[in-house]
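Subject: Handover of a structure and notes on it

Dear colleague,

Please find below the structure that I am handing over to you. My notes on it follow, and I would ask you to read them with the structure open beside you.

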Amino acid sequence: PRELKSRFMAPADASLTIGMDFKKTFDKGSISIYPGPLSYKLTYVSDLDLAPAYGIEEAGKKARHDLGSKLEVNFDYQITKNISYVTRFYYFTGRYDYVQMDWENTFNFQVSKYISTTLFFHTRFDDHVARNEELGFLQFKEYLTFGLNYSW
């Protein structure tokens with residue numbers, strides 16, 4: 001039997017943040033740094049059976065409300081004419097007693113006029129969800145895609 005880990009809107013996150021965004025553009029890329037010292041985050045889980053796995057401990061509740069702080073950094077860089085790098089770092093601390101951190105890295109390769117490749121790595125640390133026996137609170141996702149491009 002398969003164990004259900006997630007489904008549509010399980011979870012769904014929404015946030016509202018007060019902060020400022022610093023943006024800098026340079027020859028081959030750009031950076032955006034967004035610190036948000038006051039942030040509200042809503043976590044909604046449509047399936048009550050999955051709610052405890054996403055930090056909603058109260059029985060019968062589908063939502064969790066957190067106040068905290070947030071930092072988001074976005075960076076993109078054109079390494080060569082055919083290779084680009086994009087990274088996103090996200091850090092949120094809820095009620096200042098747990099941490100959610102995401103770091104996404106994407107390499108885009110334009111192999112030829114018609115062929116492209118994307119290499120994606122995503123690391124996540126979230127210590128308010130159910131702990132994995134092997135990895136603790138770490139989660140990893142990576143994929144390699146090949147694309148055919150045609151324009152008319």
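Strands here are runs assigned by DSSP, at least two residues long, and they are numbered from the N terminus. Please note that the model is a predicted one.

**The chain as a whole**

The protein chain contains eight strands and zero helices. In sequence order, the pattern therefore reads β-β-β-β-β-β-β-β. The chain is more spread out than a compact globule, because its radius of gyration is 19 Å, well over the 15 Å given by the globule rule for 152 residues. Along the principal axes, the C-alpha trace spans about 55 × 45 × 35 Å.

Of the 152 residues in the protein chain, 30% are buried. The accessible surface amounts to about 10,600 Å², and carbon and sulfur atoms hold 60% of that surface. Among the contacts in the chain with a separation of 6 or more, 48% are between residues 24 or more positions apart.

Is Thr17 buried or exposed? Thr17 counts as buried because its relative accessibility is 17%, and the limit for a buried residue is under 20%. The side chain of Thr17 forms a polar contact, at 2.9 Å, with the side chain of Ser39. Ser39 is also among the residues that Thr17 touches beyond four places in sequence, together with Tyr34, Gly36, Leu38 and Lys70. By contrast, Asn149 is 132 residues from Thr17 in sequence, and the two C-alpha atoms are 38 Å apart in space.

Met9 counts as partly exposed, because its relative accessibility is 35%.

**The loop between strands 5 and 6**

Tyr96 sits in the loop between strand 5 (83-94) and strand 6 (98-110). With a relative accessible area of 55%, Tyr96 is exposed, since the term applies to values over 50%.

Asp126 belongs to strand 7, which comprises residues 115-126. Asp126 is buried, as its relative accessible area is 2%. The side chain of Asp126 makes a polar contact with that of Arg124, at 3.4 Å. Once neighbours within four places in sequence are set aside, the contacts of Asp126 are with Tyr98, Val99, Gln100 and Phe137.

Gly147 lies in strand 8, formed by residues 138-148. Where does Gly147 make contact when neighbours within four places in sequence are left aside? The contacts are with Tyr114, Ile115 and Ser116. Gly147 and Ser116 are separated by 31 residues in sequence, while their C-alpha atoms are 5.0 Å apart in space.

**Where to begin**

- the polar contact between the side chains of Thr17 and Ser39;
- the polar contact between the side chains of Asp126 and Arg124;
- the pair Gly147 and Ser116, 5.0 Å apart from C-alpha to C-alpha.

Yours sincerely,

A colleague

Definitions and conventions. Residues numbered from 1 in each chain as written. Predicted model: local features only at pLDDT ≥ 70, side-chain atom pairs only at ≥ 80, totals over all residues. Heavy atoms only, no water. Buried < 20%, exposed > 50% of the residue type's maximum accessible area, 1.4 Å probe, protein only. Polar contact = N/O pair within 3.5 Å; in protein donor to acceptor, adjacent residues only side chain to side chain. Contact = heavy atoms within 4.5 Å. Helix = DSSP H or I, 4+ residues; strand = E, 2+ residues; numbered from the N terminus. Rg over C-alpha atoms; globule rule 2.2 N^0.38 Å. Areas by Shrake-Rupley, 256 points an atom, 1.4 Å probe, with all protein chains shown as cover.
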